[in-house]
Amino acid sequence: MKKFELAIEMYEEDDTPFDECGPDNDPSFIVDNQARKTVDVIKDVLGEAVKLAAAEVAKAGGDVTGGEVKKLLDDVVEFEKRAVGAAYGKSTFCEWDLGDDPELAKMCDHLDPYTKPIVYAPLGGSAGLDGALGPLLAALMAERGSSMPNWSDVPGGGVLQPAPPYDLSRRPSPHSTPLARFFAAKPLTPPDILPLPRSVFEARCEVTSRYIPLPQQLLVSASKIFVSGAGGYKQRAPVLGIYDNSFAPCKAPKVALEDAFFSMCLDGVDDLVAVADQSCMITYRGERGVHKILTGKMGGAMTFLDGGKKLARASAYRSSVAVFELKTDSISGTNIKLDSNIKGISSWTPLLNSTNFVCASKESYEDSTEVFELDWNTGQRGMRYLGHAGKVTGLSTAEGRDNDFLTSCSDGVARLFDRRSPQPTLTFAIKDAEESGCSGAFANVGGLPFVFVGGTKTEQISAYDARLPGKALYSLATGNNLVRSLAWQASTNSLWAATDCLYADRVGGHHGYRPAENIRSPPGCNWPGMAYHDEKSFGHPFDAASNQLFKFAFKDEADPKILPAWGQSSLPGSFF
């Protein structure tokens, strides 16, 4: 621990004024010094500190409430924030803004990692490598010894070549869906695997879909699916869609909120759903409104407590949570004061068989990478979870895996944590692709842990066996749609995905389409020219052409011919 403390002191004491930064105030010296200093801190201090923090937490038996372990975690979190801020040009390690300096990015190609092994999904399309943050953020999460490719050596001026066509021989079973692209030559299914997890391992699933308005969040109960989003003229109105397990629409309310995009939480036992904008929460059962609560400008995460008898909402800006008791004839509320170091909570999820929550901090940039455990009984912050290089956008748990949870992040990477350690157990990323965000779902299927990660730029869902570090098992096609939200439904052994078509505009027009090529397709089938995949990337080529809700129903004897139909798109060309 002394090494880290000395590094902090050395770094914070270096307050060389601007006019003394080298001979003759040479600007190149200033840039070189900034770049050297940033690289040294991330490589020599942050990397070792995270490993040290994990070791010290393990020695303390997971107790992070006091003493040197708490101080160490606080210091590492602060350094991590500053590192990520420097990568985005939003904060600095010294007195001057680092900006998007190319020399800094080049030097950062060679940083050592500080997270646990990455599980990669190889490229399945023709992903573009753009953006000044690619090298630095990739270095923060790269596997040891690797770096982003030399862009000047990539054919096509920075665009990777399309993946090889779909290979039917890689399907491990005749029941495997043609919408799954397997990465191994032929996955070796464990001989003692049970039918239920085998269906996931080998992508034995039936795939169906239906149109939905522009989606934002997806939640599932045992028998219903809830999708929040925006609809109406130019997608300006808040919409809540409710469907049963066969896609039949259920009676849904007309959401009486002002904002088109809103947050949502669910009491899965009673199918009671709560929706909220910045200052108002409304609960619905079916199409009937049950409670309306004006909360002021709280704007934070929501959750039901005590089996739907209470509804809690955190502040997105302050260290407090309001808890409302939901009675048939009245509503009473109390305010709970949290640890003063908590500056707001934007998302959270209850840990299984525990009174604690895993929380992500508020959405302001400086705190956007914070993930921590909240002791609900005391309001104190416990374990801190490290490794995020952007805003945490989702949290997922799985029945039967009480100590594990999954985070998804705007840096395009999902991370699996054991709540007893600050360091991620595994990270999941698309190799050499610069994802701008992702969504995730964690599933426990027959005792085996599976992770699903939805891509934005990659327009696919990658599936992983969390026991097998290395590569993803396969990717699932989403009809050239980006994935907004994922949810696992244990009652039906199904993965649900709410997806967004970027090639359709707010009034239903299409842009960037061309006729489908090199495949047998019905007349009038078109393909987006800028799609991540081409027509031969999967065994069943199709384009959704609109926002879709997908169901991947995993069954041991799945019918691989149950597939979505082509969407209806229009030509010609681009729309301005």
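A: Start with Asp500: its relative accessibility is 5%, so Asp500 counts as buried. Buried means under 20% relative accessible area, exposed means over 50%, and partly exposed lies in between, with a 1.4 Å probe and protein chains only. This is a predicted model: local features need pLDDT of at least 70, side-chain atom pairs count only at pLDDT 80 or more, and totals for chains, interfaces and linings use all residues. Residues are numbered from 1 along each chain as its sequence is written, and side-chain values use heavy atoms, leaving out hydrogens and water.

Asp500 meets Arg484 in a salt bridge, 2.8 Å from N to O. The term covers a side-chain nitrogen of Lys or Arg within 4 Å of a carboxyl oxygen of Asp or Glu. This pair links distant parts of the chain: Arg484 sits in strand S27 (residues 482-489) and Asp500 in strand S28 (residues 494-500), 16 residues apart. Helices (H or I, at least four residues) and strands (E, at least two) are DSSP runs, numbered from the N terminus. Arg484 is partly exposed, at 38% relative accessible area.

Elsewhere, shared partners build a network. Salt bridges join Lys70, Asp74, Glu370, Arg381 and Arg384. One of its links pairs Arg381 with Glu370, whose closest N and O atoms are 3.4 Å apart. Arg381 lies in strand S18 (residues 380-385), while Glu370 lies in the loop between strand S16 (356-361) and strand S17 (371-375). They are 11 residues apart. Both Arg381 and Glu370 are buried.

Another pair is Arg198 with Asp556, at 2.9 Å between the closest N and O atoms. Arg198 is partly exposed at 23% relative accessible area. Asp556 is partly exposed as well, at 22%. The structure has 22 salt bridges under this rule.

Now the rings. There are 16 aromatic pairs. Phe542 and Phe550 form an edge-to-face pair, because their ring centres are 6.2 Å apart and their planes stand at 65 degrees. Rings of Phe, Tyr and Trp (its six-membered ring) pair if their centres lie within 6.5 Å; planes under 30 degrees apart are stacked, over 60 edge-to-face, and the rest tilted. Phe542 and Phe550 are both buried. Ring pairs also link Trp348, Phe357 and Trp376 into a cluster.
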